[in-house]
Each structure stands twice: as C-alpha cells, then as structure tokens.
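Thanks for coming, everyone. Please take a look at the structure on the screen, and then I'll walk you through it.

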Amino acid sequence: MLRTIIFSAIFYFSIFPVFSQKQGSISGKIRDKSSQEELAFVNLQLSNSTKGATTDESGNFRISNIPVGSYNLVVSYVGYKPFTLYNIVVNTGNENNYIIELEADIATLDAVEVKAKTQTAVTATIETPLSVQKLTTEEIKASPGGNFDISKVIQVLPGVGGGVGGGSFRNDIIIRGGGANENVFYLDGIEVPVINHFQTQGSSGGPQGMLNVSFIEDVKLSSSAFDARYDNALSSVFQFKQKTGNPNDFQGNVRLSATELAGTLEGPISEKTTFLASARRSYLQLLFKALDLPIRPNYWDFQTKVQHQINKKTSLSFIGLGAIDDFSFVISDAYSPEKAETINSSPTINQWNYTVGASLKRLVHNGYWNLALSRNMFDNSILKYEDNQKPESSAKTLDLNSREIENKLRWDMNKSIGAMKFSYGAMVQYVKYQNTTENVILKEILSSTGAVIQPELRINFVSPLKPFFKYGAFVQLGKRFVNNKLGVSGGLRTDGNSFTDDGNNFLKTVSPRVSFSYFANNHWAINASAGRYTKLAPYTILGFADNTGKLVNQNAQYQISNHLAGGFEYLPDASLRFTLEGFYKGYENMPISVRTGVNLANMGADFNVLGNEAVLFDGTGKAYGIEFFAQKKLTKRFFGVMAYTFYRSLFAGTDGKLISSSWDNRHLVSSALGYKFRKNWEIGLKFRFQGGAPYSPIDIETSRKNFVTQGITYYDYSKLNSMRLGAFNSSDLRIDKKLNFRKTTLDLYLDVTNWYLAKSPDVPQFALKRDANTNNFLTTDGNPIKLDGSNGIDFIVNEPSALVTPTIGFILEF
C-alpha cells in the first residue's frame, strides 16, 4: 500500500504542466529591537535578485513583482547590525508579511567581527547567550513527519526527546532529561498553558499540537539561561512569535490532508487594524480507522489575532486559542483478545480549553513597556469502566471532572542605554481550581471463604481548594564590556502565592541567574550561565484532598532546578552555525508519591492525570550531559539541522537513591535536511534515534490479582526503571510541489512518517489469556475465572509496532 501511495503521488505531481513565470510580493515592518521604534529608510535586498526596497517613514516596506521562488532577505541600516532573513518563499497566492527587529551596532570591533557577531544575535540575546535555538515558519512547514505540528517539529533540536517511543506518537516535550511538565509556553508574550490536544493534566504533552503554523513567524526554544521575566520554568521556555495579519489585502489558505481540514483568513480591518483567524477540524479518526488503529482522536481548534495601532507610540493586540477534544478507543477484530484487553484499559477523554489575552505596548524614552491581561481555562473529563466497551453493565473505576482557570496580569518595562540593557516587572494571577474524583485504585477482593485477600483502595473527593493568588516580580540587567566583546547579564526573580503554607516567604523563591558571553574573534564565541529556577506544583497536586475532604498538599514547596551551562559557538560563515555545550541541572523539592514512593518527575507521559494524589516534597534529582548542534540556513538550495546529545537523567524517590529516570535514554540523534529543486519542487528528510528508555518490571502478582476487575498492568516500583527497552529510530520523508497560478498557489505534498517501517519498542503489559472464539478467560482448572485471577493463565503483551502514516494533501493559498 505504501509503495502504491508513493508512486501514485509522484505520478500525480508530475502530470501538471509547467506554467509561465509568475510573480508575488512580500511586505512588513522594520523596528529597533530595544526601543521598538519604527525605522525609516532601511535598505532591503533580495539575494540573487535585483529586487529591493526602502522602508517609509513608518518603517513599512513592500517588494512587488518578485518571480516566485525562495530567497534570503538582506536588511542593512546605518548604525545597526546587518540582518538576513533566510528562506523566504514567494508565491502568487499569499503575500508574506514580516516584522523584523534590528539591533543597534554599538561595537568598536572591525567590520568582519561585527558581521560574525550579528549571526548570534539572530537567536541569542545578552540574557540568554547559549542553550537557545530558533526555527522559522518555513522550516516548520517543510519539516518531514511534522504534519504542521510545531510540537513535533522541535523534536529535531538538541536535547529534546526521551521516554518510551521517542515521542513517535505523543508530543511529550522532554528537555535535557527533565520532566514532562517543566516547560512554559508564551504566544506573543501571553502565557499559554495548553498547546496540545488531549493534554495530560498536570503535565504538558499530548498526541497533537494546537498551534496553527500559518500564524507562526518563528519559535524560539531556551533550554537554560532563562530571562528572569519567565516564571515556573525548570527545563525550557518556548516563545512563539505570531505573524501580523496582512495590512494590504485579504488573503487566506485552505489545508486538506488525510488527518485534518484547516482554513485561515487574514487581512486589514481598517487602516490601523489587521486580523488573523483560523479553524481546524480533525480527520485523524478516519485515518486511524483506515489503518485499523484502536485510537479515535477527534478535535476542533480555533486561533485568532487582532493587531491595532492606536497611535505612533501605542499598540494593542488580542490573541485567542482554543480547542474541543474527544478521545476514545475502538477495539478491532484483528487484535488478539489479550491485546484488545490492554487497549480497553485506557480511559476515554473529553476536554476543552481556551486562552484569550490582550497586550498593550507603549513606547517610552529609550524603551517600552508591556501590559498584558489574559485568561485561560482547561476543562478535563476522564472516564473509565471495568469494560469500556460495555459501560452500561460495568462498574466505573475512574470518573474525574476537573477545571483550571487562571486570570493573569503582567507588566514589564524594558530599556536600553548605550551598551546597557535592563528590564523589570511584576505579575499577579487569580486562580480557580475544581476537581471531583472517584477512583478505584484497588478493588476489594475476597477469597472463597469470604476472607479479605485485598482491601479496597479508593479515592473519592470534591476538592475544597478555594480561589487563591499567585504573584511575582523580576529585574534583569545586562551590559557589554571590553569593546563589546564581553557580555554580562544578571537577573533576579521571586514568586509567591496565597495558598501554600510558605507561599508568602519570598526569600525561599529568590532565583538569581547570571550569564557571560565572550567573542574570542570573528568566528568563535564562548558562553556560560548559571541560574536557579523555581516552579509551583501543578493544581492537581495543590487541590488534592483525602476522602474526608481535607487538602493534604498545602505544605507544597516550590520545586527548584539549579542550572550550570557552558560551551562554544562557531560561525564559519553567515549561514552556518555550530554549537557545543555541556549542562548540569540539580533538582530539589520534587514531589514524591506517598502511595508508590516514586518521584513524579518520572510521570506525565500518558493519558491520565499527573499529581492527583498525596505527595511529599523532598525529592531530588539531577540531569547532565553534552550536546552538539549544527544549523545550515538556506543557501544554494540546501538547508538543515543536525544534533547529538549524550545525557543522564536521574531522580530519587522516598529512599533517596538517584536512579535512571523514565527519560534517561542517554543518546539522542536527530537531523532534518531539505533541498529546493528548480520549478518549485522540494524534498525533506528527517531522521531520529533515541537510546532505549528505562522501564519497570511488571508486578505479576498484583497485576493478576486485579486484572479481572481493573484490566490494567501494575508495575513493581521497588525496581523502578531497572529494565531498558531497545533503541528507537525513525525516518520521515516529505515531497512538495508548488503550482503558482495568477492569484493562487497550490502546494501538493506527500508526507510519509516512518517510511522504512521501523518498529517502536513498547513497555510490556500484563493480561490474562482469553479464548479467541468466545473471548472468555482461559483457566488452569477449566472452571470460570476467579475474581482474583488465581486460576487464570498469565500472558505478557509485548508487540513492538511499526506505524507508518502516509499523507497526501494540499494547501491552497488565495
């Protein structure tokens, strides 16, 4: 089937005739990066072209009548560092609009050194001179296997990955061996807690990202040396920069594939106001049904942005992001009874969420301030029966209904004076949390004589957590010395809350950070940073109550991660970048499950809830390693990234012993390469390798005893992560052909995930053997199965799968 699809697609792409040369345009605005003031009379030149432009008095530019194709845009202005925007795609359908920020050139170095330094300024800042990467919208769109999902695309970056399956199905973002809930996400400066469909509550992962790539101008990942303005980050900060709606004309695109239908519109509302709006509908359930997969994800999502220029110094922007999710399982007749039973053990999920926010920016002397007001809500319902396929005749084992609401107000001031840059600000949040949980962890089991073999373990509560406040403040200062070769930045942050016992002890959350960058010559830079970062436990932990309705985790401590990082950056030319970095993270106050003794940093990569239990706050951990990264921007038709990371990730439970965490894969290798052929053909190839993930052996006795009533596998946490799966590897292929008509562009693409059918190792699961004809349990004595499974026949389900997902689709720009 796969061969048929590939050859059919190649033939389909090839039958189109060659059209006459078409033309498109680009537009945008140029600003000063520090003051945000618009820059007039800036020169812009398209590489390998005679086309160029100069900005007007408002900093706007537009270049028209450009032959369709891919270009690099070179921007130059007296007193500012030159800047190159790589891989601009010009089509007849949509006019791309760019907001470009130039950095003032205060250097006294020679011109060659200044030119080399500008390349680091594209990604790094004086606050974050290392452990930072950036991907542009074209790199995201063209990523093989990404399916326009930003959460999957970033898995090619250094230090990203780990856990079972290597992130082949879920978007659990594991950064440098940290937990799945140690990351924060900002969309145009507004914090967005939920960026994935079917997100694990208390964590951040899910099987499909929510963000529409048509909105995104670039995404920036910082895995250390965080700016002090960002709170609750232990492992990473993601900054998603959205485009501004086209100010010149209405335009849009429709994207159709085997997995989704998405539509985007943008344009001017008035002379000072633009908009972007999109909606997307999933067809994954149809694809997975055709592929005979048991999962049935079904979702909608919506995204919008409105930008209004009040006057020359003041602008107002509004963003919105939301989703409706329904996740269920369907058991195929092709599955063995034992495999069907393990699938049936998963819960059904219904979620909806949204984030809305407004941001006011005001230019002042030597800088600007931001005032952001936002609200986000996450509603999560999880339901599981002893037999999910027969809920009307089965008892519930899990019924959870939860809602998280945050109302946030943030303000920050940003100024630059010569070689010095400083910022300060504060935030306050008003939080509401609701949770009603009925969860049978262990069902009471009696012997034939009525004796209790296993007492019942049940959690039933309605969270009494009342609304509370979170607050914080920061200051950050940076300056360049030694003829601007040496950059030094320091920051300080503190946070508090009105709920936990020590929430108003701001000294406990003081988190200092410092970073250094030194330009040894016109090609080499040496960078280092150290910092202390804090995070409040998720609401699932804070709002958990025992069966009497008493909150048991009010003594929660802020989790702490102490970072050390250092490395080198080498820039042989303007389009090629190499980095080599070492890193260390030490963890304190990590939550540990009272019931299992396991550090919760090991959890959060499944379809359940993280932290809905009593915990201790004395867990420790560490992660350390070394990573290499190479990035080639588009020149002579080729572009790509390659990364290798070696790391260790260890966390301790109640016994205090540091052992391999669930993310301790040790080796991460990734590459994504692209080549642009003539006549608007493009091919991309991605490869990923991850070392084997640790896992725990099955607790056979407990699993057997509870399988008839619970249908799930219980693992032996006394031997946590003592076993290891085989390595994971996968490769994805993508072919694009763009057809440009007079005012529209049709992008036809073939995207094949795991094209060579590599098998993904999976953690073994326990089952009791069944009769393939009657579906009844087989027994050792020929009698009906006992409630404790003692006469059942053990069966270990361990079937590595090779999931290939071929997708043919198109994008119509108009």
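One definition to begin with: a residue is buried under 20% relative accessible area, exposed over 50%, and partly exposed in between, with a 1.4 Å probe and protein chains only. Two notes on the source. This is a predicted model, where local features need pLDDT of at least 70, side-chain atom pairs count only at pLDDT 80 or more, and totals for chains, interfaces and linings use all residues. Residues are numbered from 1 along each chain as its sequence is written, and side-chain values use heavy atoms, with hydrogens and water left out.

Now the overall picture. The chain has eight helices and 44 strands. Those are DSSP runs, numbered from the N terminus: helices are H or I with at least four residues, strands are E with at least two. The radius of gyration is 27 Å, close to the 28 Å from the globule rule for 814 residues, so the chain is as compact as a globular protein of that length. That radius is taken over C-alpha atoms, and the rule is 2.2 Å times the number of residues to the power 0.38. Along its principal axes, the C-alpha trace spans about 90 × 70 × 45 Å.

What share of the 814 residues is buried? Buried residues make up 58%. Next, contacts, meaning heavy atoms within 4.5 Å. Take those between residues at least 6 apart in sequence: 68% join residues at least 24 apart.

On to the aromatics. Rings of Phe, Tyr and Trp (its six-membered ring) pair if their centres lie within 6.5 Å; planes under 30 degrees apart are stacked, over 60 edge-to-face, the rest tilted. A search of the whole structure finds 25 such pairs. Take W300 and F302: their ring centres are 6.3 Å apart and their planes at 10°, so this pair is stacked. W300 is partly exposed, at 37% relative accessibility. F302 is partly exposed too, at 37%.

Now W755 and Y756. Their ring centres are 5.3 Å apart with planes at 80°, so the pair is edge-to-face. W755 is partly exposed at 37%, and Y756 is partly exposed at 32%. Elsewhere, Y433, F468, F499 and Y539 form one aromatic cluster.

Last, charges over rings. The test is NZ of Lys or CZ of Arg within 6 Å of the ring centre and within 35 degrees of the ring normal. R281 lies over the face of Y283, 5.7 Å from the ring centre. K479 lies over the face of F481, at 4.8 Å.
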